[in-house]
Amino acid sequence: NAVYTFLAPDDNAFKASLTALGLPADITSINFFSPGQLDTIIKYHLIGGEKYGSSRINPVIPNLNLYLQSSLLLAAPSASLPPGYRMPVFMGKQGNALFANNIPVIQPDIAVANGVIHKIAYALLPPSQILWQRIATDPELTYLAAAVQKADQGDPAKTFQSALMNTAANLTVFAPTNTAFRQLLTAQITMALIPIVTQQLIGGGMDPADAAAAAPGIAQATATAKASTPAVFTDPDLTPVLTPTVVGGIIAYHVLGNRAFSVNLPTAMTSLPTLLNSFVPGHPGVAIEATLTPAGVTAAVVKGAANATSSNVQINPAPGGSSDQNFINGVLHKIDQVLLPQ
């Protein structure tokens, strides 16, 4: 009498998933998991109460996929989760290709008496962390973590950390790597220091023309040293430049207000709103484009309004990889440039 949508990994999907987890591609590897873990995994594949055939999966921008509640109920006593929170599964479509999270559906619309089955290429693993846990512990994201803390400086509500820790949120974070932040900060600090250094040299008795020629090299050396550590965000000399408002605007510009796996990203360059639009409604947002092939997304770019070139999404959806990292409250993609809103 029940109605379900079941995302069903077949035998090959289980073997591929076990291999990705570093386990033998053999049915005996199921014994690696406890009954409780298997119960959790199966419930995450089961959507109760509705039959979602492929014809019903037609997400419209800016919502790039369909938010569906699985049968995996996260209940008390966890104080960090809202009561009755069901772990969501996201179904998207590009052309005729159907996806569950970032996993291809290899055989859709198998009709059964109590619902519909979609065979999928890999098993879905329910997330166990929130976005902030990844950002705060990833050695490649220490600048991003420091920037979030700078943006929350003086804010008792810690708005940005709270958003990234909110288990009921549904976000996409484009996360610049440490190298991306160092490159941007070195360039920006150099430009800010050149006139200051020039005046200091002139004040010390140097000829103005010589001071103007020497200042860029000195400024760049100073900027490189200051930008070499995430402590740059708390450097007292840079307080007038790296204010919480400026840094907060940049952080907000890296976050979409919906969850987008790489397979959900538009295949033609499309502008999408970010959380910055909550503060600046008329902002053009970020431009995003992905290259989707039968083997999956092979490349994706995201471009800020003031960036000269597009930033590359580092495509690697493997467990713990650099893209399509699924968390309780969103998905994370690492990128190789900081996005600039203006």
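**Pockets, cavities and cores in a predicted model**

A search of the whole structure finds three cavities of 30 Å³ or more. On a 1 Å grid over the protein atoms alone, a cavity is a set of points where a 1.4 Å probe fits but cannot get out, while a pocket is an open set with protein on both sides within 12 Å along at least five of seven lines; lining residues have an atom within 4 Å of a point. Grid points are joined across faces, edges and corners, and a volume is the space filled by probe spheres set on the points. This is a predicted model, in which local features need pLDDT of at least 70 and side-chain atom pairs count only at pLDDT 80 or more, whereas totals for chains, interfaces and linings use all residues. Residues are numbered from 1 along each chain as its sequence is written, and side-chain values use heavy atoms, with hydrogens and water left out.

The largest cavity has a volume of about 90 Å³. Its lining consists of Phe-14, Ser-17, Leu-18, Leu-21, Phe-33, Leu-38, Ile-41, Ala-123 and Leu-125. Helix 1 gives the most to this lining, three residues, and helix 2 (35-44) supplies at least two. Helices (H or I, at least four residues) and strands (E, at least two) are DSSP runs, numbered from the N terminus. By class, the cavity lining has eight nonpolar, one polar and no charged residues. Here Ala, Val, Leu, Ile, Met, Phe, Trp, Tyr, Cys and Pro count as nonpolar, Asp, Glu, Lys and Arg as charged, and the others, Gly among them, as polar.

Helix 1 (11-20) also supplies at least two residues to the lining of the largest pocket, as do strand 6 (103-112), strand 12 (296-303) and strand 14 (325-327). Strand 14 gives the most, with three residues. This pocket holds about 940 Å³ of space. Of its 34 lining residues, Asn-102, Pro-317, Ala-318, Pro-319 and Asp-324 lie nearest its centre. The lining divides into 22 nonpolar, ten polar and two charged residues.

The second largest pocket has a volume of about 620 Å³. It is lined by 28 residues, and Thr-245, Val-246, Val-247, Gly-249 and Ile-250 are the closest to its centre. Helix 8 (244-252) is among the elements that supply at least two residues of the lining, and its share of eight residues is the largest. The lining has 22 nonpolar, six polar and no charged residues.

Next come the cores. A nonpolar core is a set of buried Ala, Val, Leu, Ile, Met, Phe, Trp, Tyr and Cys residues joined through side-chain atoms within 4.5 Å; buried means under 20% relative accessible area, exposed over 50%, and partly exposed in between (1.4 Å probe, protein chains only). The largest core has 63 residues, and Ile-135, Leu-185 and Phe-233 have the most contacts inside it. A second, separate core of 21 residues includes Leu-74, Tyr-85, Ile-103 and Ala-121.

Val-331 is in strand 15 (residues 330-335) and counts as buried because its relative accessibility is 0%. Its contacts (heavy atoms within 4.5 Å) beyond four places in sequence include Leu-131, Arg-259 and Asp-324. Ser-311, in strand 13 (residues 311-312), is buried as well, at 1% relative accessibility. The side chain of Ser-311 makes a polar contact with the side chain of Asp-336 (3.1 Å). A polar contact is a pair of N or O atoms within 3.5 Å; within protein, one must be able to donate a hydrogen and the other to accept it, and residues adjacent in sequence count only if both atoms are side-chain atoms.
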